[in-house]
There are 2 protein chains.
Amino acid sequence: MNGLMQKFPLNLAYILEHAARFHSQQEIVSQTIEGGMHRYTYADALVRTKKLANFLKDYGLEQGDRVATLAWNGYRHLESWFAISGYGAICTTVNPRLFPEQISYILTHSKSRILLVDITFVPLLEKIQHELVHLEQVIILTDREHMPDHTIDGALCYEDVLAATEEDAFDWPVLDEETGASLCYTSGTTGDPKGVMYTHRSNLLMSAMTIGPDVFNLSSMTTMLVVVPMFHANAWGVVYAGPMVGAKLVLPGPHLDGKSIYEIIEREEITSSLAVPTVWTGLLEYLQKNHLTLPLMKEVIIGGSAVSKSMVKAFQQDYGIEVIHGWGMTELNPLGTANRPIAAQRHFTEEERLDYSLKQGRPLFGVEMCIQDDEGRHLPHDGKSAGRLMVRGPWVVAKYYRQETEILDQDGWFDTGDIATLDDYGFMQITDRAKDIIKSGGEWISSIDLENSAMSHPRIQLAAIIGIPHPKWEERPLLIVQNNGDKTPEEAEIMDYLSSRVAKWWLPDAICFVDSIPLAASGKIDKKALRKEFQDFTLPII
Amino acid sequence: MNGLMQKFPLNLAYILEHAARFHSQQEIVSQTIEGGMHRYTYADALVRTKKLANFLKDYGLEQGDRVATLAWNGYRHLESWFAISGYGAICTTVNPRLFPEQISYILTHSKSRILLVDITFVPLLEKIQHELVHLEQVIILTDREHMPDHTIDGALCYEDVLAATEEDAFDWPVLDEETGASLCYTSGTTGDPKGVMYTHRSNLLMSAMTIGPDVFNLSSMTTMLVVVPMFHANAWGVVYAGPMVGAKLVLPGPHLDGKSIYEIIEREEITSSLAVPTVWTGLLEYLQKNHLTLPLMKEVIIGGSAVSKSMVKAFQQDYGIEVIHGWGMTELNPLGTANRPIAAQRHFTEEERLDYSLKQGRPLFGVEMCIQDDEGRHLPHDGKSAGRLMVRGPWVVAKYYRQETEILDQDGWFDTGDIATLDDYGFMQITDRAKDIIKSGGEWISSIDLENSAMSHPRIQLAAIIGIPHPKWEERPLLIVQNNGDKTPEEAEIMDYLSSRVAKWWLPDAICFVDSIPLAASGKIDKKALRKEFQDFTLPII
């Protein structure tokens with residue numbers, strides 16, 4: 001029997017409408033690329049967003065068409081997001097940190113008709129423009145005064161486009177909530193990037209579920225520095241969640257070094273911020289070097305890769321700032337878990353609490369999560385059993401864009417490619433990437449744990465573990481250590497060091513020393529390259 | 001273009017599944033009617049809920065059938081909610097405070113096949129049982145030991161039902177999210193109660209949007225005393241929102257007097273609670289009389305009727321407890337607004353802040369809200385213009401159950417029947433009920449404001465304002481004052497008192513003194529009766 005409540009599809013344009021009506025005076029502040037800060041309100045943002053939507057209409061854009069952005073976090077990028085998806089088109093965010101050929105691939109694969117680009121990336125675009133066979137129109141996100149010299153045919157200036165659009169009013173179409181809203185490509189190191197097409201529904205639900213005090217803790221009192229890029233993984237949805245509650249959003253533009261981040265936190269009285277660990281490392285170094293504090297900052301939300309204990313300690317003990325560890329991925333819109341304290345932790349020692357904060361946290365309501373062994377059997381939530389981390393729910397990918405391959409199992413689970421444990425409090429912890437784990441005699445050895453143990457040696461800078469085929473055990477770990485000149489420890493010393501840190505059967509069967517461990521574009525160790533390099537390596541049979 | 005995320009309907013059963021999996025050890029604590037506290041975990045609750053669902057299956061219940069509850073807040077009631085809606089049937093919550101004929105009407109109008117009833121209400125049920133032509137089966141929510149003597153044919157004992165159901169497992173059907181989940185009747189004083197059929201979607205979305213720090217501020221650290229009844233207006237959704245985040249729920253059973261509420265707050269270390277003002281008055285009186293404090297309690301959420309300044313002051317200044325004023329109605333699933341401080345209030349004086357806390361607050365994200373004049377023109381958000389409060393959105397009623405009448409205007413707005421202002425910070429304040437407002441010469445006079453002004457006179461106990469037809473002004477206010485023995489002030493004194501408090505043209509044209517102002521079942525002034533009593537009253541032409 002159908003209920004009798006209003007049929008009201010979840011549409012993203014409504015988020016900005018809500019903010020403009022009920023938080024009309026709240027600010028969006030942007031560090032501009034041209035220099036200086038730009039400030040305006042949600043009400044202002046809506047007016048300009050509607051102008052852009054009118055431009056898209058006048059241009060003849062069809063619903064479902066793709067419009068790409070290649071831009072830093074800033075107000076024009078925010079307007080683009082809402083105008084494109086509100087119009088019923090698909091906002092394809094392109095990550096400028098990818099290789100030019102990957103950027104070219106994404107723009108071509110998505111068949112983006114229009115591209116909105118920051119002045120920073122005009123030279124990059126010039127280099128690849130001849131390859132972009134579907135691209136019809138480039139709009140440079142700046143004003144007339146700052147338009148760069150360029151070779152891009154017919155490129156328009158964003159502020160000219162808005163100024164030329166007289167119509168302020170725009171009636172957002174009412175879209176089925178399963179309509180595509182944005183298209184985000186993975187930045188995996190293997191193969192071509194894969195597109196995940198978020199829906200109005202998935203964006204809105206995911207963002208709404210980050211508002212609570214156990215996730216991002218967003219209110220109209222929050223001043224949120226959005227360091228996580230809008231060009232990748234949806235900026236963790238905070239560009240949607242912020243206006244839902246009328247939070248002040250601060251968009252930091254291109255400068256993400258410790259000094260720039262410190263200065264914007266101070267100037268804008270930031271209370272909370274989202275970023276990956278490398279940004280926080282830069283900030284912490286700057287604070288320490290200059291003996292600075294951040295008295296108004298209450299919490300930092302960290303994801304993208306695992307947080308170290310020393311980072312948690314520094315924030316919490318030295319600066320009185322709470323660390324919220326999160327986990328997500330492009331395929332998950334992107335947030336899956338967040339780690340906030342639970343009542344049971346009251347009885348933990350400080351050290352136990354610190355260890356616990358390194359877990360990735362509990363699933364958001366809306367994310368179903370389980371761990372499975374290689375045969376698809378569910379593993380217990382005991383904090384010890386490690387298995388493939390599987391997810392499903394209204395903001396989990398069903399299929400990649402323009403790929404026919406089925407990516408869900410028969411029960412609808414998506415395999416994240418991570419190996420994780422789940423404990424009896426519902427906390428998830430990633431122990432490895434599935435493709436990196438070493439399968440030894442039916443048991444799993446975590447490459448991450450082994451690498452971290454090796455790198456905790458004071459004279460080892462960089463270390464990598466890969467699995468080498470073994471006649472008896474299937475696979476055994478090989479430790480690769482980067483030479484550190486005279487300081488490089490001897491093999492025996494390393495083995496001795498590891499023996500006291502990991503189980504005996506985890507100890508690597510061999511250690512190789514190399515001049516340089518290859519890194520991928522993301523800055524992570526390029527294990528694909530290492531595996532190729534060591535494909536003919538034979539383990540000594542112990 | 002459709003996006004490519006998983007199609008995952010929002011189903012209520014999933015809420016309890018989530019809590020049982022990821023907050024398995026969190027408690028639900030209930031004050032039982034039989035005496036003593038009952039404690040168990042979300043994991044326990046799920047097992048028993050599935051047993052009840054299996055009973056419904058064995059009984060032969062069809063999806064869409066109505067199953068009613070007549071019960072206090074307690075764990076068995078909670079299990080009933082989740083089992084019935086999870087099964088795909090409709091949980092009809094019946095308010096035992098209504099007149100027996102209204103209860104009988106609701107059970108008959110909803111054609112409820114099964115009724116789950118607390119022992120408290122068995123005598124009431126015995127009186128009306130012969131009228132309940134659709135009711136097939138009564139289940140008394142107790143164990144064998146506490147089964148009362150009764151005359152209800154074939155009534156079962158709840159714990160016997162669960163004990164007899166061996167099957168623990170139950171595969172929840174996957175329901176379209178627009179499926180009806182619960183049916184709640186209005187308790188209006190005029191006409192028969194009207195049924196609002198909430199959907200899985202509306203219940204889930206509304207509840208999810210209460211989690212944020214600007215609304216109920218719910219986390220796994222929250223211990224929430226749910227005083228608002230599960231038998232009316234959906235307990236403000238907190239029975240759903242609590243398990244979404246793993247909050248500890250405390251269900252207080254039948255005793256809601258100041259002493260009982262104080263004791264349960266102390267014993268269970270309550271941090272937050274939801275209730276109507278009368279409950280809080282009782283608690284405050286008990287605290288004051290006994291010189292008690294509530295050191296762990298952080299906030300009280302108050303709705304149902306407007307909060308007085310003295311109550312806000314008492315909580316905030318005497319006990320250090322934040323007051324969150326909310327507004328909702330059965331037709332709104334039920335929550336529409338919540339009042340939490342905004343950044344701009346930092347510059348307010350203490351008195352301004354206090355006044356501001358009396359507003360009903362900002363709309364939750366998901367509730368569209370506007371004020372309109374009698375011609376349907378939108379009025380400005382200036383904090384002064386008062387108009388009909390109109391709402392629409394995914395948890396606003398579309399139609400009443402088994403009524404064909406259209407209740408939305410051509411733009412989909414539902415008229416709440418309230419008169420309100422909206423200010424430039426997005427805060428709504430109710431100034432009157434539409435049917436009570438006095439329309440004088442094209443302007444509106446708020447009966448609530450006039451009544452409050454009169455009742456602020458130290459010797460006036462009870463006062464009511466009704467409109468009397470007027471040849472020139474259309475309507476003018478008549479003030480009706482309840483006699484207070486010797487203390488009753490003279491007419492001239494009252495007029496003088498009011499002159500310094502309201503605009504001159506608001507002053508009542510006449511004052512009548514009566515022995516007793518009639519009250520409706522809800523405890524509010526029965527204006528319908530007053531209007532009838534004074535229908536022939538003629539105003540002196542001034």
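**Reading strands and helices in chain B**

Guide: In this predicted model, strand E10 (residues 223-226) of chain B is joined by three bridges to strand E12 (residues 272-275) of chain B, and the two strands run parallel.

Visitor: How do strands of a sheet pair, and which residue is the bridge partner of Met224(B) in E12(B)?

Guide: In general, strands of a sheet pair through backbone hydrogen bonds, and they do this in either a parallel or an antiparallel way. Here, Met224(B) has Ser272(B) in E12(B) as its bridge partner.

Visitor: In what order do the nine strands of the open sheet lie, and which are the edge strands?

Guide: The order in chain B is E2-E1-E11-E10-E12-E13-E14-E15-E16, with mixed pairing. The edge strands are E2 (37-41) and E16 (362-363) of chain B, each of which pairs on one side only.

Visitor: How should I read the packing of helix H1 and helix H8 of chain B?

Guide: Two packed helices are described by the angle between their axes and by the distance between those axes. For H1 (residues 13-22) and H8 (residues 238-245) of chain B, the axes come within 7 Å and cross at roughly 35 degrees, and the crossing is left-handed. Ile15(B), His18(B) and Ala19(B) in H1(B) meet Tyr240(B), Pro243(B) and Met244(B) in H8(B); by class, this contact has five nonpolar residues, one polar residue and no charged ones.

Visitor: Is helix H3(B) mostly covered or exposed, and what follows H3(B)?

Guide: H3(B) is mostly covered, with 13 of its 13 residues buried, and the residue that follows H3(B) is Gly88(B), whose phi is positive, near 105 degrees.

Key
Residues numbered from 1 in each chain as written. Chains lettered and ligands numbered in written order. Predicted model: local features only at pLDDT ≥ 70, side-chain atom pairs only at ≥ 80, totals over all residues. Heavy atoms only, no water. Axes fitted to C-alpha atoms, helices over the stretch in contact; angles between N-to-C directions. Helix = DSSP H or I, 4+ residues; strand = E, 2+ residues; numbered from the N terminus. Left-handed = near helix turned anticlockwise from the far one by under 90°. Contact = heavy atoms within 4.5 Å. Nonpolar A, V, L, I, M, F, W, Y, C, P; charged D, E, K, R; others polar. Buried < 20%, exposed > 50% of the residue type's maximum accessible area, 1.4 Å probe, protein only. Pairing = 2+ DSSP bridges.
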